[in-house]
Amino acid sequence: MIEHKQDNSHIYKLWMSLNKSALKQVDHSLLDKFWNEIKENYDSTTRFYHNLTHLSEMFRYAFEFQSAFKDFEVVLYSIFYHDIVYDAASKDNEEKSAEIAKERLQKLGFEIDRVEEVFNQIIATKFHELSTDNDTNLLLDIDMSILGSDWKNYEAYALNVRKEYGIYPDNIYNPGRKKVLQHFLDMDAIFKTTAFNNKLESKARENIAREIDWY
């Protein structure tokens, strides 16, 4: 059984238990190699939000809604790899992340059709558009769950995202960030699933409007 605790130190244990559950044969040397790659990327000194803490929060929500997923193992892999490549100056982070996930999971022996599901779910995190696949919609909502958190956590998130885009001066970052935030407010619904819409939509809109006032 796959278990999760909300602590960064337990993400490695989750990685190991997931692979033992999902794979027919376990190559421990590969598992450790790929884990070290995951940890090194998410622990990069350029990351202030898209890091292991972000993964831990996503896993917390994933386990909370575990019974709603069709293929929970696929979603867990998607979470592990969805931001393995994150460069604030790049426009193809999702594509690169999806390609790495595909290559690594194939080497681990994960079923090819499920590897493709991971690939497609990671690609879906680029534009966060409504999917015909419920697992994908749940993943997208989990990825955006920070928007509906309490203001203290949201404020820390917004400030950390700004740090990740530190290469851009305020006169470039602020209008771009405001445009992104306004796009969310203009959407009929920020969250794709009824569960997350009921749980977080109202608070997310309140937080976003409050951040817009900064600019």
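**Reading a helical chain**

Me: What covers the buried residues of α1?

Reply: The cover of the buried residues of α1 includes α2 (28-42), α3, α4 (72-81), α5 (93-108) and α6 (112-124). Buried means under 20% relative accessible area, exposed over 50%, and partly exposed in between (1.4 Å probe, protein chains only). Contact means heavy atoms within 4.5 Å. This is a predicted model: local features need pLDDT of at least 70, side-chain atom pairs count only at pLDDT 80 or more, and totals for chains, interfaces and linings use all residues. Residues are numbered from 1 along each chain as its sequence is written, and side-chain values use heavy atoms, with hydrogens and water left out.

Me: Which residues of α1 are buried?

Reply: An α-helix has 3.6 residues a turn, so residues three or four places apart point the same way. In α1 the buried residues are Ile11, Leu14, Trp15, Met16, Ser17, Leu18, Asn19 and Ala22.

Me: How many helices and strands are there in the protein chain?

Reply: Helices (H or I, at least four residues) and strands (E, at least two) are DSSP runs, numbered from the N terminus. The protein chain has 10 helices and zero strands.

Me: What span does α10 reach from its first C-alpha to its last?

Reply: The expected span of a helix is 1.5 Å times one less than its number of residues. Helix α10 (residues 194-212) has 19 residues and reaches 26 Å, close to the 27 Å expected.

Me: Where is the kink in α10 centred?

Reply: The bend at a residue is the angle between axes fitted to the seven residues ending there and the seven starting there. In α10 the kink is about 55° and is centred on leucine 200. Leu200 is also one of the buried residues of α10, which include Phe196, Glu201 and Ala204. The buried residues of this helix pack against α3 (52-64), α7 (134-143), α8 (151-164) and α9 (170-186).

Me: Why does the radius of gyration of the protein chain agree with a compact globule?

Reply: The radius is taken over C-alpha atoms, and the globule rule is 2.2 Å times the number of residues to the power 0.38. For 215 residues the rule gives a value near 17 Å, and the protein chain has 17 Å, so the two agree. Buried residues make up 50% of the chain.

Me: What is the mean pLDDT of the protein chain?

Reply: pLDDT is the predictor's confidence in each residue, from 0 to 100. The mean is 95, and 96% of the residues reach 70 or more. Over residues 1-6 the pLDDT is below 50, although this stretch has 19 contacts in the model beyond near neighbours in sequence. Where pLDDT is low, the predicted coordinates should not be read in detail.
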